[in-house]
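Here is a guided walk through a structure, from its overall build down to a few individual residues. Keep the viewer open and follow along.

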Amino acid sequence: MDASIKSRLAGSHGRVYWRSLGELADTPEFREYLHREFPEQASEWNDPKGRRQFLKLMSASLALAGVGACTKQPTEEIVPYVRQPEDLVPGRPLFFASAIPFSGVAQPVLVESHMGHPTKIEGNPEHQASLGATDTFTQAAILGLYDPDRARAITNRGEIKPWGLFLSAMLSAGSQQKGRQGGGLRFLSGPITSPSMAEVMASVLAAFPQAKWHQYDPTSSDGARAAALAEGAAGDPIYHFDKADVVVTLDADFLSCGAGSVRYQKDFATQRRITEERKEMSRLYAIESTPTLTGAKADHRLAMKASEIEGFGRQLAGAVGAPAPAGPSSGATDPASVIGKWVAAISKDLQAHRGRSLVIAGDYQPASVHTLARSINQALGNVGSTVTYGPSVEAGPTDHAASLADLVRAMDAGQVEVLVMLGGLNPVYSAPVDLKFADKLKKVNLSVYHGLYVDETAFLCQWNVPEAHPLESWGDARSFDGTVTITQPLIAPLYDGHSAVEVLTTFTSQPDRRGNAILKDHWTRAFAGGPWTIRSADGQPFKNFDAFWRRALHDGFIRGTAIADGGPATPLSVIAAVPAAGAPAPTTPQAATPPVTPPPATTTAPQPAAAGAQGGLELIFRPDPTVWDGRFSNNGWLQELPKPLTKVTWDATAWVSPQLARERSLEDGDVIELKYRGNTARMPIFRVPGHPQQSVTVFFGYGRQKAGNVGNAPKNAEAFNAFLLRTSDAPWFGNGLEIAKTGERYPLAVTQEHHLMEGRAPVRVATLEEYRKDPKIIEEQGETPPRTLTMYPEYKYEGYKWGMAIDIGSCTGCSACTIACVAENNIPIVGKEEVARGREMHWIRVDHYFAGNDDDNSVEAYHQPVPCMQCENAPCELVCPVAATTHSSEGLNDMVYNRCVGTRYCSNNCPYKVRRFNFLLYQDWDTQSLYPMRNPDVSVRSRGVMEKCTYCVQRINQARIDAKREDRGIRDGEVLTACQQVCPSDAIVFGNLNDPNSQVSKLKLQERNYGVLEDLNTRPRTTYLAVLRNPNPELEPASRSTTEH
Amino acid sequence: MKAEPVYAPPPVIEPGHTFQTVTEQIAGIVLTRRHPYSWFFGLFVGFMGSMMLLMAVTWLLIKGTGIWGVNIPIGWGFAIINFVWWIGIGHAGTLISAILLLLKQDWRTSINRFAEAMTLFAVVCAGLFPLIHTGRPWLAAYWLLPYPNTMGIWPQFRSPLIWDVFAVSTYLTVSLLFWYVGLVPDLATLRDRAKSLPIRRLFGVLSLGWRGAARHWERYEEAYLLLAGLSTPLVLSVHTVVSFDFTIGIIPGWHSTIFPPYFVAGAIYAGFAMVLTLAVPLRVLYHLEDFLTMRHLENMGKVMLVTGLIVGYGYVFEAFFAWYSSNTYEQYMIYNRMFGPYWAFYWALILCNIVMPQLLWKKSIRTSPAMLFFISMFVNVGMWLERFEIVVTSLHRDFLPSSWGWYWPTRWDIMTFFGTIGLFVMLFFLFIRVLPMISIFEMRTMVPAAKVKGGKAH
């Protein structure tokens, strides 16, 4: 109480009330305090200026928060696959039919979209090329969309420019070229199957008659293309494995490579599945060089050098009486030799199945082998039944190697003034090394690069235009069977992306058209009159374009455009506009003849098969099974996917046979130097049983320097690049390789190191013959304890009782299930070091076992997808101290993340080792662009928590909600687990075991059904159907010999 | 024949001591201002180790369990190995105090105090691991305890880890009580002998008003005996429960009924080895040869030999039953231990735990402090290797060959392990500085004068 207060009291009149001495003293601090008694900023309301400022700031931050949280919906109309947009219910996904092109060929998909975010890709079940399944690359495309390393802005020499500036640059380049008829204008793209883009290309070439369109795809099959071109209009084969009883592959990996592999896997598996009704299965002979998944599935596999395949083919042709085209013969068949025995046995088998057999030439074999295969198929009467030949789905198919060489020659001669590279080709990285593409690129005045990433080529180009991801753009493409498939955007371009056709259209008379307009315009005219026969599902023509277009967008494809339905080759021509009269499509095609000849049909001379120096080892090139030719280098899902047969992640390896490794005293991970035709590269080796002894296989896709944060090679791995060895004269194999041990070791992250079963029979195998004779043979390979071992009464499942059956006889080991599971369940990538530590997070892994002797060239390989077994007597459940993993009333072994404290006891006690632990914070919490990718129905796990397969419990619950709303039970097949849905072989079946009519219950009744490690009395709910092999008695056991010398 | 009874053991205290010399010599170590430099050195080493532990644990909490070498399939690594190792070491103290007390083995009096302290510190080191080895220690710290909560969730009582929580915490509590109760008369002695007031006050509070009255002694004797009775089953139960962590699991190499006795024997084995490891240098540094006589050392050597043989029996029968069961997983497990990638660990274990202790058959070695120290170090290492074998080689190749894996510790594993050794050393050096490391009043009963008087010498 100081004097000032006293004086204030003295100066007041009447009664004065005060609440505190502070108020009494009326200090500025106290007044401030009174103001601040209310929430911060509240006093700003009293100040008009401050209030406006405050509101401005608040609204701006709210708006920004909104921008951050939502993604723009595309402005163009897209039609949901199943449910109408007005039904959009928060929390319920919508599905849109679309397509993800791979090397130009459409992979038809349904995309799951949660509130405008695409989160998961499924196959389009109505599309004949998918039937609901996809391959690994298509599954992983969702991560490609959200990849934070994507090219983000149009740049000119590194400076960000708006689209308008790019457009005017192209227009002025175009007008300059106009005078020279486009003589200095070149386009480089991959194969184009898109009718609308082919039309734009045709119109560009019409406008610039001297301009040239070059095609290059480092992994497409020039051999197949050359053989097809030589046949004329109907040269491209489409196989029908559902009709083939005997299949012979000549180095063909039809199960895992190629545009049709998804459908082929499905047909092949159907033809080999033994059920209660079906007692027969087809037989597969694989004559191959590098071991493939197809070889692993074969009943008989013969390994030989890639250059010897043709000789084998000739002998086989001779044996079945097919005319072999002229060419070097591999000498007379010695019937006593191993090859002789094989040829005799296979030809006998083929001839016994005339019209129901099939010979397939590999994509990486020269044209002569393709011609041989066709000739054999013709001789056996297979054409029209197991194989049909039709027009190409590619517009203007041409020899890619020659086309690129032609371009580089022109670049070198200074004839190329404007080079437009479309579709993320990255030729600087992937072009044959002898072309020296990077050097020649410097001679081009104006180079434009259009791609998803600022990659090696983009760095050397002046203009970079970010490519719109297929999930962001409008377009069309044909699937392998010819069906025109529509790509519709699920989301507005995240960055400043444009589709290839939008870039190309800047050279037409109508530049700056958006993809939607181009596509719709094309099909409006094509509907009115074009080479296509457009019919609705019931075979009737559509009433009008709108009906047609809605249907096409809804279905995701245009019916009646498949080659089998009479679909034409993709025309490289402009469809003349029909005067709009609303008239139905006239019957006479009005396709204008192309005003210009298509790009010069380059020579289709057969490739020099084994050109180059003789002696040394044979070098075989292959695209990498997960990152392909490097186009998926920055996709962490694919990088971390264990490569089939070796289970190596994150790295390329050079495959050698165990014998060669012994000869050269090499161990897995030893870095060798490969010298081939004056070029050198380095690679760590990996021993692969069944590899031809005098060959080395190298894989593309690694040693990237500008791939992005995920794909860039570390310093010591920059030379692990197979493209450093590839020359244009021998794109797939050649002799003259020298290898030298460098003495260095390179650490490889391998998820499975032991590939022998150690007599434990996790995979049970029998031949069809044995199984027919005694179906008990499967059961006898293990031991099933009686159910009376427990004192407790058995739990009675009143409602649902979920279970799974996996047919490992059908599984090809493609690993699409793993990627599908990663996408569905928000599974993080852990990186190479963590994988090397043994901490990969995949909930479903594909185990791989070799049977037989390492030295044996015809080793058998088996694949076994292993999700959680959801054991009835789960060893994990009773050891968890906090009861974080418990049994549900529907039999699931539930994992309660919130409750888990991370003792890892459950994982130790799991005999299947399917549990995965977040040893570190693996989930990326920082990268904003990955947020919308995650499945909102699945918890994102944090550090220190155990996780594992849930049988996609979120899908079960969704189905339960739907079923309850309709007052019914969940139907069989209503719940598809992610792995089941994606499986191209239909190997995984999930369902209710309480329903005796469910598919899974029926499968489990089969006598080849067994549980892994059943002897532990875990009573797994996931059971397996044993592998049945169908060997030819004539070759058994002779098949276990070798042709190597 | 001499008239002496043939079983008369050598004395547990050297001749020439009186009540006073005993008291002065033992209490003097605590109450002196001067301490050997070796003590400072030892404390420094222990302190630095503890700081290393602090750093390792801090980094662990920041980054997560992944800084260690654990993975799938080897979900448990150094942490659990060290836990079992420390718990095993912690067995000797209670065994010496309780069981030998009940068996009236009077030679235990010289060693029981520091053996009990060792037990406590070992259990502290051990107790750290189950907590920090979890992925989320901040939750594991209390979710493993059964406490009523709004969610109505209880721990999984079928899980051996829950049994562990009870077993170890009971053991720690009882050991602490036992140790403290035994300390009370000595604390009073120190109170009475201390010269500075604060120290007198401190010991005064700690000695709980002990005046040495007959009633005090009576109650003390009763309480001590009761606690000994309580501790005795614990000696057997704790390591039995710890062995359940493994035996309840179905992993080959874990799922074995021989584990409980074999673990208990191993624990006593390890405990005595650690007591010897501490006793041999201590008696030299603090000139306690009179109290820690050759008889003590020899007796401990004998216990080590016996328990070592039991452990050896366990190893033999583990292998025998693997063969006899004709269980392919068990057989492979033993084969893999002996000749698999970790073969060197197995044979080192055999050398340390089976071969080296056989030297103890010889009396001259049993009575050589240097040799005993040498052998006890082998046993310390051997028992650690045994836990490594059990945890790592069982897990790294279990049922499905596809999921076989590897385990190698990281620097953080090693730092944590040596950090706990540092913590142990630091605690132990602090203990010998502030508390009598040998029970003064019990030693006084060993003095011949106590016997002359005939009854109890209190």
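This is a predicted model: local features need pLDDT of at least 70, side-chain atom pairs count only at pLDDT 80 or more; totals for chains, interfaces and linings use all residues.

Let us begin with chain A, which has 1045 residues, 57% of them counted as buried. Its secondary structure comprises 31 helices and 39 strands. How far along the sequence do its contacts reach? If you take the contacts in chain A between residues at least 6 apart in sequence, 74% of them join residues at least 24 apart.

The domain assignment divides chain A into four named pieces: domain 1 covers 85-146, domain 2 covers 236-390, domain 3 covers 617-750, and domain 4 is made of 765-785 + 800-1029. Let us stay with domains 3 and 4 for a moment. Where they touch, 15 residues of domain 3 of chain A are in contact with 18 residues of domain 4 of chain A. On the domain 3 side, α21 (636-640) and α22 (658-663) of chain A each supply at least two residues. The largest share of that side comes from α21(A), with 3 residues. Sorted by class, the side of domain 3 of chain A that touches domain 4 of chain A holds 9 nonpolar, 4 polar and 2 charged residues.

Now bring chain B into view. The two chains meet through 43 residues of chain A, which are in contact with 41 residues of chain B. Which elements of chain A give two or more residues to this side? They are α27 (875-879), α28 (905-908) and β34 (916-917) of chain A. The side of chain A that touches chain B has 21 nonpolar, 11 polar and 11 charged residues.

Spanning residues 367-379 of chain A, α13 has 13 residues and reaches 18 Å from its first C-alpha to its last, close to the 18 Å expected at 1.5 Å a residue. Is this helix mostly covered or mostly open? α13(A) is mostly covered, with 10 of its 13 residues buried. The buried set runs from A367(A), S368(A), V369(A), H370(A), T371(A), L372(A), A373(A) and R374(A) to I376(A) and N377(A). These buried residues of α13(A) pack against helices α8 (222-231) and α11 (309-320) of chain A, and also against strands β9 (246-250), β12 (357-361) and β13 (387-390) of chain A. Just after α13(A) comes G381(A), with a positive phi of about 70 degrees.

Two packed helices are described by the angle between their axes and the distance between the axes. Helix α10 (residues 259-285) of chain B and helix α11 (residues 294-325) of chain B pack at an angle of about 145 degrees, and their axes are 8 Å apart. The crossing of α10(B) past α11(B) is left-handed. From α10(B), the residues making the contact include Y262(B), A265(B), G266(B), I268(B), Y269(B) and F272(B), while those from α11(B) include M300(B), V303(B), M304(B), T307(B) and G308(B). By class, the residues of the contact of α10(B) with α11(B) divide into 13 nonpolar, 4 polar and no charged.

Most residues other than glycine have a negative phi, and most peptide bonds are trans. With that in mind, look at N826(A), a residue other than glycine whose phi is positive, near 55 degrees. N826(A) sits in the loop between α25 (816-824) and α26 (832-836) of chain A. Is N826(A) buried or partly exposed? N826(A) counts as partly exposed because it has 19 other C-beta atoms within 10 Å, and a buried residue needs 20 or more.

L1013(A) also has a positive phi, of about 55 degrees, although it is not a glycine. You will find L1013(A) in the loop between β37 (1009-1010) and β38 (1022-1025) of chain A. L1013(A) has 22 other C-beta atoms within 10 Å, so this residue is buried.

In chain B, the peptide bond from I72(B) to P73(B) is cis, with omega near 20 degrees. P73(B) belongs to the loop between α2 (37-63) and α3 (78-89) of chain B.

The last stop is W217(B), in helix α9 (residues 214-247) of chain B. W217(B) counts as partly exposed because it has 15 C-beta neighbours inside 10 Å. W217(B) and P185(B) are 32 residues apart along the chain, and their C-alpha atoms are separated by 8.8 Å.

Conventions
Residues are numbered from 1 along each chain as its sequence is written. Chains are lettered from A and ligands numbered from 1 in the order in which they are written. Domain bounds come from an automatic or database domain assignment. Two residues are in contact if their C-beta atoms, placed from the backbone, lie within 7 Å. Helices (H or I, at least four residues) and strands (E, at least two) are DSSP runs, numbered from the N terminus. Ala, Val, Leu, Ile, Met, Phe, Trp, Tyr, Cys and Pro count as nonpolar, Asp, Glu, Lys and Arg as charged, and the others, Gly among them, as polar. The expected span of a helix is 1.5 Å times one less than its number of residues. A residue is buried if 20 or more other C-beta atoms lie within 10 Å of its own, exposed if 12 or fewer, and partly exposed in between; C-beta atoms are placed from the backbone. Axes are lines fitted to C-alpha atoms, for helices over the stretch in contact, and angles run from 0 to 180 degrees between N-to-C directions. A crossing is left-handed if the near helix is turned anticlockwise from the far one by less than a right angle, and right-handed if clockwise.
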